Amino acid sequence: MAGVLRSCIQSILKLLNSIIGMAGIAMILYSLWMIRIWSSHLDDAQLPAPWFIYTFLGLGIFLCFITCSGHIAAETANGHCLSCYMVFVFLLILLESGITADIFLNRDWEADFPEDPTGRFDEFKDFVRANFGMCKWVGLLIVAAQAFSLLLAMILRALGPDIGGNYDSDDDSTVAARLPLLRNAAQPSPFTADPRYLPQKEELWGVKIEDKSYR
(Lines give C-alpha, C1' and ligand atoms only; values in the text may rest on other atoms or scores of the structure.)
Protein backbone atom coordinates (compact mmCIF):
# COMPACT_ATOMS: atom_id res chain seq x y z
CA MET A 1 0.00 0.00 0.00
CA ALA A 2 2.82 2.38 0.84
CA GLY A 3 4.47 1.66 -2.50
CA VAL A 4 1.29 2.53 -4.42
CA LEU A 5 0.86 5.74 -2.43
CA ARG A 6 4.49 6.68 -3.05
CA SER A 7 4.14 6.12 -6.80
CA CYS A 8 0.99 8.27 -6.96
CA ILE A 9 2.67 11.09 -5.03
CA GLN A 10 5.71 10.93 -7.31
CA SER A 11 3.54 11.14 -10.45
CA ILE A 12 1.49 14.07 -9.12
CA LEU A 13 4.65 15.88 -8.03
CA LYS A 14 6.12 15.50 -11.52
CA LEU A 15 2.88 16.85 -13.04
CA LEU A 16 2.93 19.91 -10.79
CA ASN A 17 6.58 20.47 -11.62
CA SER A 18 5.69 20.38 -15.30
CA ILE A 19 3.28 23.28 -14.76
CA ILE A 20 6.03 25.28 -13.05
CA GLY A 21 8.43 24.36 -15.84
CA MET A 22 6.04 25.53 -18.55
CA ALA A 23 5.71 28.88 -16.78
CA GLY A 24 9.51 29.15 -16.63
CA ILE A 25 9.91 28.31 -20.32
CA ALA A 26 7.28 30.92 -21.24
CA MET A 27 9.13 33.56 -19.21
CA ILE A 28 12.45 32.67 -20.85
CA LEU A 29 10.97 32.88 -24.36
CA TYR A 30 9.32 36.22 -23.59
CA SER A 31 12.58 37.54 -22.14
CA LEU A 32 14.54 36.47 -25.22
CA TRP A 33 12.00 38.21 -27.43
CA MET A 34 12.31 41.40 -25.36
CA ILE A 35 16.11 41.21 -25.55
CA ARG A 36 15.92 40.87 -29.33
CA ILE A 37 13.65 43.91 -29.62
CA TRP A 38 15.84 45.87 -27.21
CA SER A 39 19.01 45.03 -29.14
CA SER A 40 17.47 46.05 -32.47
CA HIS A 41 16.59 49.53 -31.15
CA LEU A 42 19.79 50.00 -29.23
CA ASP A 43 22.08 52.78 -30.49
CA ASP A 44 25.42 54.13 -29.33
CA ALA A 45 23.86 56.01 -26.44
CA GLN A 46 24.74 54.85 -22.96
CA LEU A 47 21.48 53.61 -21.46
CA PRO A 48 20.94 51.92 -18.10
CA ALA A 49 20.69 48.15 -18.03
CA PRO A 50 17.26 46.68 -18.81
CA TRP A 51 16.68 45.32 -15.32
CA PHE A 52 13.14 44.16 -16.03
CA ILE A 53 14.23 41.92 -18.92
CA TYR A 54 17.10 40.38 -17.00
CA THR A 55 14.95 39.87 -13.90
CA PHE A 56 12.24 38.21 -15.96
CA LEU A 57 14.84 35.99 -17.61
CA GLY A 58 16.42 35.09 -14.26
CA LEU A 59 13.06 34.12 -12.78
CA GLY A 60 12.33 31.91 -15.78
CA ILE A 61 15.68 30.15 -15.45
CA PHE A 62 15.10 29.70 -11.72
CA LEU A 63 11.68 28.14 -12.36
CA CYS A 64 13.20 25.70 -14.85
CA PHE A 65 15.93 24.85 -12.35
CA ILE A 66 13.29 24.15 -9.69
CA THR A 67 11.44 21.94 -12.18
CA CYS A 68 14.56 19.87 -12.93
CA SER A 69 15.42 19.49 -9.26
CA GLY A 70 11.82 18.55 -8.50
CA HIS A 71 11.78 15.82 -11.15
CA ILE A 72 15.04 14.39 -9.78
CA ALA A 73 13.73 14.53 -6.20
CA ALA A 74 10.43 12.92 -7.18
CA GLU A 75 12.12 10.14 -9.13
CA THR A 76 14.73 9.24 -6.51
CA ALA A 77 12.67 10.10 -3.40
CA ASN A 78 15.98 10.97 -1.76
CA GLY A 79 15.75 12.89 1.50
CA HIS A 80 18.53 15.37 0.66
CA CYS A 81 17.14 16.11 -2.83
CA LEU A 82 13.66 16.61 -1.45
CA SER A 83 14.98 18.92 1.27
CA CYS A 84 16.82 21.10 -1.26
CA TYR A 85 13.75 21.17 -3.48
CA MET A 86 11.52 22.25 -0.58
CA VAL A 87 13.95 25.05 0.31
CA PHE A 88 13.93 26.35 -3.29
CA VAL A 89 10.13 26.27 -3.53
CA PHE A 90 9.76 27.91 -0.13
CA LEU A 91 12.10 30.75 -1.09
CA LEU A 92 10.20 31.25 -4.34
CA ILE A 93 6.87 31.41 -2.51
CA LEU A 94 8.33 33.93 -0.05
CA LEU A 95 9.54 36.11 -2.93
CA GLU A 96 6.18 36.00 -4.67
CA SER A 97 4.34 36.70 -1.43
CA GLY A 98 6.53 39.71 -0.69
CA ILE A 99 6.02 41.22 -4.14
CA THR A 100 2.25 40.58 -4.01
CA ALA A 101 1.95 42.12 -0.55
CA ASP A 102 3.91 45.18 -1.65
CA ILE A 103 1.67 45.69 -4.68
CA PHE A 104 -1.63 45.33 -2.81
CA LEU A 105 -0.67 47.10 0.42
CA ASN A 106 1.52 49.90 -0.92
CA ARG A 107 -0.16 52.50 -3.12
CA ASP A 108 3.18 53.83 -4.33
CA TRP A 109 4.63 50.39 -5.09
CA GLU A 110 5.82 51.54 -8.52
CA ALA A 111 8.30 53.86 -6.82
CA ASP A 112 10.02 50.84 -5.28
CA PHE A 113 11.19 49.69 -8.71
CA PRO A 114 13.82 51.55 -10.74
CA GLU A 115 13.01 53.11 -14.06
CA ASP A 116 12.94 50.70 -16.96
CA PRO A 117 14.65 52.16 -20.05
CA THR A 118 13.03 49.64 -22.38
CA GLY A 119 9.45 50.52 -21.45
CA ARG A 120 8.57 46.82 -21.23
CA PHE A 121 7.72 47.11 -17.56
CA ASP A 122 5.00 49.66 -18.33
CA GLU A 123 3.72 47.48 -21.17
CA PHE A 124 3.58 44.51 -18.83
CA LYS A 125 1.60 46.48 -16.25
CA ASP A 126 -0.84 47.66 -18.90
CA PHE A 127 -1.29 44.09 -20.14
CA VAL A 128 -1.99 42.80 -16.63
CA ARG A 129 -4.49 45.57 -15.95
CA ALA A 130 -6.27 44.96 -19.27
CA ASN A 131 -6.41 41.18 -18.70
CA PHE A 132 -6.60 41.09 -14.93
CA GLY A 133 -9.03 38.16 -14.76
CA MET A 134 -6.91 35.86 -16.92
CA CYS A 135 -3.65 36.91 -15.24
CA LYS A 136 -5.19 36.35 -11.81
CA TRP A 137 -6.17 32.76 -12.58
CA VAL A 138 -2.82 32.00 -14.21
CA GLY A 139 -1.01 33.37 -11.18
CA LEU A 140 -3.21 31.41 -8.79
CA LEU A 141 -2.59 28.24 -10.79
CA ILE A 142 1.19 28.67 -10.60
CA VAL A 143 1.15 29.50 -6.88
CA ALA A 144 -1.17 26.57 -6.15
CA ALA A 145 1.15 24.23 -8.08
CA GLN A 146 4.09 25.46 -6.02
CA ALA A 147 2.22 25.07 -2.73
CA PHE A 148 1.01 21.56 -3.54
CA SER A 149 4.50 20.63 -4.74
CA LEU A 150 5.89 21.69 -1.39
CA LEU A 151 3.24 19.69 0.47
CA LEU A 152 3.76 16.55 -1.63
CA ALA A 153 7.53 16.81 -1.23
CA MET A 154 7.09 16.87 2.55
CA ILE A 155 4.85 13.79 2.43
CA LEU A 156 7.23 11.95 0.09
CA ARG A 157 10.16 12.74 2.35
CA ALA A 158 8.23 11.39 5.34
CA LEU A 159 7.49 8.16 3.47
CA GLY A 160 11.13 7.69 2.54
CA PRO A 161 12.63 5.93 -0.50
CA ASP A 162 11.33 2.62 -1.79
CA ILE A 163 13.78 -0.02 -0.60
CA GLY A 164 11.68 -3.01 -1.56
CA GLY A 165 13.12 -3.18 -5.05
CA ASN A 166 16.68 -3.55 -3.77
CA TYR A 167 16.17 -7.10 -2.55
CA ASP A 168 16.47 -8.53 -6.04
CA SER A 169 20.00 -7.19 -6.39
CA ASP A 170 21.40 -8.86 -3.26
CA ASP A 171 24.38 -11.12 -3.83
CA ASP A 172 24.83 -14.61 -2.52
CA SER A 173 26.85 -13.46 0.47
CA THR A 174 24.00 -11.25 1.69
CA VAL A 175 21.52 -14.08 1.28
CA ALA A 176 23.85 -16.41 3.17
CA ALA A 177 24.19 -13.84 5.94
CA ARG A 178 20.43 -13.78 6.33
CA LEU A 179 20.41 -17.58 6.74
CA PRO A 180 23.11 -18.32 9.34
CA LEU A 181 21.65 -21.70 10.28
CA LEU A 182 22.02 -22.99 6.75
CA ARG A 183 25.44 -21.47 6.08
CA ASN A 184 27.46 -24.47 7.29
CA ALA A 185 24.84 -27.14 6.79
CA ALA A 186 25.88 -30.07 4.64
CA GLN A 187 23.92 -30.23 1.44
CA PRO A 188 22.65 -33.76 0.79
CA SER A 189 23.24 -35.24 -2.63
CA PRO A 190 20.11 -35.47 -4.74
CA PHE A 191 21.18 -38.91 -6.01
CA THR A 192 21.58 -41.98 -3.77
CA ALA A 193 22.90 -45.37 -4.80
CA ASP A 194 21.70 -48.72 -3.52
CA PRO A 195 24.58 -50.48 -1.69
CA ARG A 196 23.50 -53.82 -3.15
CA TYR A 197 24.48 -52.70 -6.64
CA LEU A 198 27.84 -51.25 -5.67
CA PRO A 199 30.90 -53.36 -6.72
CA GLN A 200 32.77 -55.13 -3.93
CA LYS A 201 36.47 -54.71 -3.22
CA GLU A 202 37.36 -58.19 -4.59
CA GLU A 203 35.66 -57.44 -7.92
CA LEU A 204 37.49 -54.13 -8.23
CA TRP A 205 40.82 -55.85 -7.47
CA GLY A 206 40.18 -58.51 -10.13
CA VAL A 207 39.36 -55.87 -12.73
CA LYS A 208 42.65 -54.08 -12.01
CA ILE A 209 44.71 -57.35 -12.36
CA GLU A 210 43.05 -58.22 -15.68
CA ASP A 211 43.67 -54.73 -16.97
CA LYS A 212 47.37 -55.00 -16.12
CA SER A 213 47.70 -58.43 -17.75
CA TYR A 214 46.20 -57.17 -21.01
CA ARG A 215 48.68 -54.34 -21.08
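F113 is partly exposed, with a relative accessible area of 27%; on this scale buried means under 20%, exposed over 50%, and partly exposed in between (1.4 Å probe, protein chains only). The structure is a predicted model, in which local features need pLDDT of at least 70 and side-chain atom pairs count only at pLDDT 80 or more, while totals for chains, interfaces and linings use all residues. Residues are numbered from 1 along each chain as its sequence is written, and side-chain values use heavy atoms, with hydrogens and water left out.

The protein has seven helices and zero strands, where helices (H or I, at least four residues) and strands (E, at least two) are DSSP runs numbered from the N terminus. Of its 215 residues, 24% count as buried. The accessible surface comes to about 15700 Å², and 66% of this belongs to carbon and sulfur atoms; areas were computed by the Shrake-Rupley method with a 1.4 Å probe, and for residues only the protein chains shown count as cover. Among contacts (heavy atoms within 4.5 Å) between residues at least 6 apart in sequence, 74% join residues at least 24 apart.

Back to the aromatic side chains. A pair of aromatic rings is described by the distance of the centres and the angle of the planes. Here rings of Phe, Tyr and Trp (its six-membered ring) pair if their centres lie within 6.5 Å, and planes under 30 degrees apart count as stacked, over 60 as edge-to-face and the rest as tilted. The count by this rule is 13 aromatic pairs. In one of them, the ring centres of W51 and F52 are 6.0 Å apart and the planes stand at 85 degrees, so this pair is edge-to-face. Both partners are shielded: W51 is buried at a relative accessible area of 18%, and F52 is buried at 6%. W51 also pairs with F113, and this pair is stacked, with 6.0 Å centre to centre and 10 degrees between the planes.

A nonpolar core is a set of buried Ala, Val, Leu, Ile, Met, Phe, Trp, Tyr and Cys residues joined through side-chain atoms within 4.5 Å. The largest such core has 29 residues, and those with the most contacts inside it are L13, F52, L63, Y85 and L156. Helices α1, α2, α3 and α5 are the elements that give two or more residues to this core. Leaving aside neighbours within four places in sequence, L156 is in contact with R6, I9, Q10, L13, A73, A74, A77 and L82.

Side chains of opposite charge can pair when their charged atoms come close. With a salt bridge taken as a side-chain nitrogen of Lys or Arg within 4 Å of a carboxyl oxygen of Asp or Glu, the count comes to three. K14 bridges to E75, the closest N and O atoms being 2.3 Å apart. This pair links distant parts of the chain, with K14 in helix α1 (residues 2-40) and E75 in helix α2, 61 residues apart. K14 is partly exposed at 26% relative accessibility, whereas E75 is exposed at 52%.

E123 and R120 meet at 2.7 Å, N to O; being three residues apart in helix α4, they are separated by about one helical turn. E123 is partly exposed at 41%, while R120 is buried at 12%. K125 forms a salt bridge with D122, with the closest N and O atoms 3.3 Å apart, and because K125 and D122 are three residues apart in helix α4, about one helical turn separates them. K125 is buried at 11% and D122 partly exposed at 40%.

Finally, the surface carries a nonpolar patch of about 630 Å², made by L95, I99, I103, F104, L105 and F132. Patches are made of residues with over 30% relative accessible area and no salt bridge, like charges being joined within 9 Å and nonpolar side chains (Val, Leu, Ile, Met, Phe, Trp, Tyr) within 5 Å. Helix α3 (residues 79-105) gives the largest share of the nonpolar patch, five residues. F132 sits in helix α5 (residues 132-159) and is partly exposed, at 46% relative accessible area.
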